[in-house]
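Have it open beside you as you read the points below.

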Amino acid sequence: NLWGGWIEGATQAAEVIDRTDMETGYVVVLSDGKANQGIVNPRTLAEQAQELAERGIFTSAVGVGDNYSPRQLDALAEAGNGRLHDAETPEEIVEVVLGELTDVRQTAARSVEVEIKHAGECELEVIMRSPHEQIGRSVRCDLRTLGSGGKRKLPLLVNIPAGDAGHQHDFQYRVKWVDVKSDEEYQSDWKATTVEVIEPAIYAVRTADRDSVVPEKFSWLWVTGLAFEAL
């Protein structure tokens, strides 16, 4: 009964919040088996996890071994503003749980949201399993929490119309977040950047300008995202 264990932990966190001055709570679910009792529908689990996250109770999950329920754990973690981890050995379990506790203590911002917009005919695709919403020519991505001094990468695939060589495409982006100490909302000013489209012949000779690390990481994220969807 995966749901039963998770909801009991969330209930205890809620009780502590209600009787103290704490504003947030965290539940880490560890599971090595299939969810076959209680609520097992991932959509229902996600709805409940989202409701708790809106109350300030966040959920992360750790799948242990090869026989846990990835759809259920992923639903809890994604909707619960947390993360899904995979662990095989006792040492990995300890490392993951300690990492979650460290992140909780160091969290500086929550409800971190990045908005990107463009004025041309491009199409933006988010190559990462983060909640996002596309509205016209803008994309909003929910990066959840961010630790003090931490960094997050947001890979985007830009589909540019054919025959567009020589053009520059303008993009704007800004960040919104909630300070965990003051519970106040903030947002940055709009920042600007451009993507330049060059001829293949020019690209072939500008080897010094290439950053091989970025496309390698991008390709890895793209492939792992496709593999997860397939599973």
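1. What percentage of the residues of the protein count as buried? Of its 231 residues, the share is 30%, where buried means under 20% relative accessible area, exposed over 50%, and partly exposed in between (1.4 Å probe, protein chains only).

2. A word on the source: this is a predicted model, in which local features need pLDDT of at least 70, side-chain atom pairs count only at pLDDT 80 or more, and totals for chains, interfaces and linings use all residues. Residues are numbered from 1 along each chain as its sequence is written, and side-chain values use heavy atoms, with hydrogens and water left out.

3. On confidence, pLDDT is the predictor's own score for each residue, from 0 to 100. The protein averages 84, and 98% of the residues score at least 70. Where pLDDT is low, the predicted coordinates should not be read in detail.

4. For an overall view, the secondary structure comes to 6 helices and 11 strands; helices (H or I, at least four residues) and strands (E, at least two) are DSSP runs, numbered from the N terminus. The C-alpha atoms fill a box of roughly 60 × 40 × 30 Å, taken along the principal axes. The accessible surface is about 14600 Å², and 51% of it belongs to carbon and sulfur atoms (Shrake-Rupley method, 1.4 Å probe; for residues, only the protein chains shown count as cover).

5. Now look at the open sheet of 3 strands, whose order is β1-β2-β3 with parallel pairing. Its edge strands, β1 (25-31) and β3 (84-87), each pair on one side only; two strands pair if DSSP finds at least two bridges between them. β1 and β2 (residues 57-64) are joined in the parallel sense over 7 bridges, and V29 stands opposite A61 in β2.

6. Which helix lies across β1 and β2? Helix α1 (residues 2-19) does, running at about 160 degrees to β1. Axes are lines fitted to C-alpha atoms, for helices over the stretch in contact, and angles run from 0 to 180 degrees between N-to-C directions.

7. Lastly, find S138 in strand β7 (residues 138-147). S138 is buried, with a relative accessible area of 11%. Leaving aside neighbours within four places in sequence, S138 is in contact (heavy atoms within 4.5 Å) with E115, I116, K117 and E133.
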